[in-house]
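Please consult the sequence and structure shown below while reading.

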Amino acid sequence: MTVQSSTQASGGAQDVRPVIEARDLGIEFIRNRKRRLSLREMLFTGRSSSPQGTFWALKGVSFDVRPGEAVGLIGANGCGKSTLLRLIAGVMLPDTGSVEVRQGVAPLIELTGGFLGDLTARDNIYLTAGLHGLSREQVEERFDEIVDFAEVRDRLDTPFRHYSSGMQVRLGFAVVTTLDEPIILVDEVLAVGDRAFRQKCYKRMEELIGHGRTLLFVSHSENDLKRFCNRGIYLRHGEVVADGDLEASFKAYVKDSDKGSQK
Amino acid sequence: MLMLDRGRELVERRSILRLLVVRDLKVRYSSSALGYLWTIIDPLMMSAVYWLVFGFVFKAKDRGLDPYIVFLVIGVLAWQWFNAGVVDTTRALQQEAKLVRSTNLPREIWVLKIVGAKGVEFVLSLPVVGLFMVIQDRPPTWNALWCVPLAIVMQTVLISGIGLALASMAVLVTDLTRVVRILLRVMFYLTPVLYSVHILEKAFDVDGITKIVALNPMAGIIDLYRRAAFPDTQTPWHVVGIGSVVTVVIFFLGASIFRRLEPAVLKEL
């Protein structure tokens, strides 16, 4: 694995500045997800009628990620993995602490979020790639690559809403993975698509990591984690329990979840 | 300081802002066969109705300046931009929730792109005013060269300020959208769209009535547009002056409300 050696060459030297620096990150949510007030409540009682109560989705999370590292985030549902990814992507803001991200980020979160149903796939590719910072010329250069990867050449001028959901995700994946950003955030997106496309995604991901990109990866699949990541951060109830070698972190997670299921 | 940072970031991303404006216009014009006509049909129909009601049914003498139809079309088009801008920016973040959640852009961009798209539609509708001025034999004055651009800038800043405040609040307060609609309808009649500011001086025997009206920045903005066609307007200049001060205040207020609510809004989307 040439990937590994190049990763360690850059990550091994201790003086390399981390690309992601999280310090004491915390974010607090309203427990029952009804923060919204109706106007009536605001005028007459000044507070929401639903019971109060908050919880910290993340608390005191600190870690560094160096360039070229591939980090898997491990943990049960609702432990804060996706929230952490969102904080790093800058699409949510922490209540305490800070996260500093020193390089550009390609977020594979909500892949189809940028697409508009009424526009054709062609228009959508230009728009979404543009939103992520590519210029028109850069998109033109990569257009064929995107289209071929997503296998949508014969439907380029079909409105996006007529695409099947699988095709929509394929197009989204194709666009975001052609971005040049050195940091890639992946949130469970590999679970979609048919078998053939999944294989293609794996290949693309391995290529990206091979080029020395930094990866943060959320998944419940042990295989995927072991395939891509060399470091694992295990989160439990929003706190970092284990951070280190992927195998070790994953073992800690398995041990915990076995204990839970025996109760 | 923080606001300056935000401003600089937005300037750096101006190509993305342009992209979003173009996207909005594309969606609007690709989803309907009549396209551009929709932009002008609505205000034209409303102008025609007001013209009939106030020009012929009531035969109102003190309605505004002659030719009344030119006077009306200018006011109604400007109000249309304001109205559509405020209504749409109120829903700005919710409507693009998926994008807001998946792209790391300065969040103000989602409000500003609506102001921009509606502004482009407004500018595209200006030829209609020109047409009416030709028909009514009322050539534009030299004033138009600076009045109209200044008014457009003021209105852009005003809608941005109101939009930033409403967009963030609407995510946290569920029924704000409805309240906004009602308020806008009331404001329409309180703003000198169908009538002229100086008529209020005659209608109400209140000292400084024009200064009170001027607190509504749209009064000054619409008056500025009208100066392009009506150099004989009797509206005092302080209406525009007060209006521009209020506009700037509203903008900074809106921008700071947006910043304050941003973390909570992002959790809620």
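Predicted model: local features only at pLDDT ≥ 70, side-chain atom pairs only at ≥ 80, totals over all residues.

## The interface between the chains

Chain B contributes 30 residues to the contact and chain A contributes 33 residues. Together the two chains bury about 2900 Å², and 59% of that area comes from carbon and sulfur atoms. On the side of chain B, the residues that lose the most area to chain A are Arg101(B), Lys267(B) and Glu268(B), which together account for 23% of what that side buries.

Four residue pairs are found in polar contact across the interface, with both residues at pLDDT 80 or more. Four helices of chain B each supply at least two residues of the side that touches chain A: helix 2 (14-30), helix 6 (97-102), helix 8 (144-172) and helix 13 (238-268). Helix 2 of chain B gives the most, with seven residues. By class, this side of chain B consists of 14 nonpolar, seven polar and nine charged residues.

## Salt bridges

Side chains of opposite charge can pair when their charged atoms come close. The structure holds 31 salt bridges over all chains, and two salt bridges are counted between chain B and chain A.

Lys267(B) and Asp95(A) form a salt bridge through their side chains, at 2.6 Å from N to O. This pair crosses between chains: Lys267(B) belongs to helix 13 of chain B, whereas Asp95(A) lies in the loop between helix 3 and strand 4 of chain A. Lys267(B) is also one of the residues of chain B that lose the most area to chain A. A salt bridge likewise joins the side chains of Lys26(B) and Asp123(A), at 3.5 Å from N to O.

## The largest pocket

The largest pocket has a volume of about 1200 Å³. Its lining comprises 42 residues, and those nearest its centre are Leu131(A), Arg13(B), Ile16(B), Asn104(B) and Leu105(B).

From chain A, the elements that give two or more residues to this lining are helix 3 (81-89), strand 4 (96-101), strand 5 (105-108), helix 4 (121-131) and helix 5 (136-150); from chain B, they are helix 1 (2-12) and helix 2. Helix 2 of chain B provides the largest share, six residues. The lining divides into 21 nonpolar, eleven polar and ten charged residues.

## The second largest pocket

The second largest pocket holds about 580 Å³ of space. It is lined by 27 residues, of which Leu116(A), Arg23(B), Asp24(B), Val27(B) and Glu96(B) are the closest to its centre.

In chain B, helix 2, helix 5 (92-95), helix 6 and helix 7 (108-135) each supply at least two residues of this lining. The lining of the second largest pocket contains ten nonpolar, six polar and eleven charged residues.

Definitions and conventions: Residues numbered from 1 in each chain as written. Chains lettered and ligands numbered in written order. Heavy atoms only, no water. Contact = heavy atoms within 4.5 Å. Buried area = accessible area lost by both parts, 1.4 Å probe. Salt bridge = Lys/Arg side-chain N within 4 Å of Asp/Glu carboxyl O. Polar contact = N/O pair within 3.5 Å; in protein donor to acceptor, adjacent residues only side chain to side chain. Nonpolar A, V, L, I, M, F, W, Y, C, P; charged D, E, K, R; others polar. 1 Å grid on protein atoms, 1.4 Å probe; cavity = no way out; pocket = protein on both sides within 12 Å on 5 of 7 lines; lining within 4 Å. Points joined across faces, edges and corners; volume = space filled by probe spheres on them.
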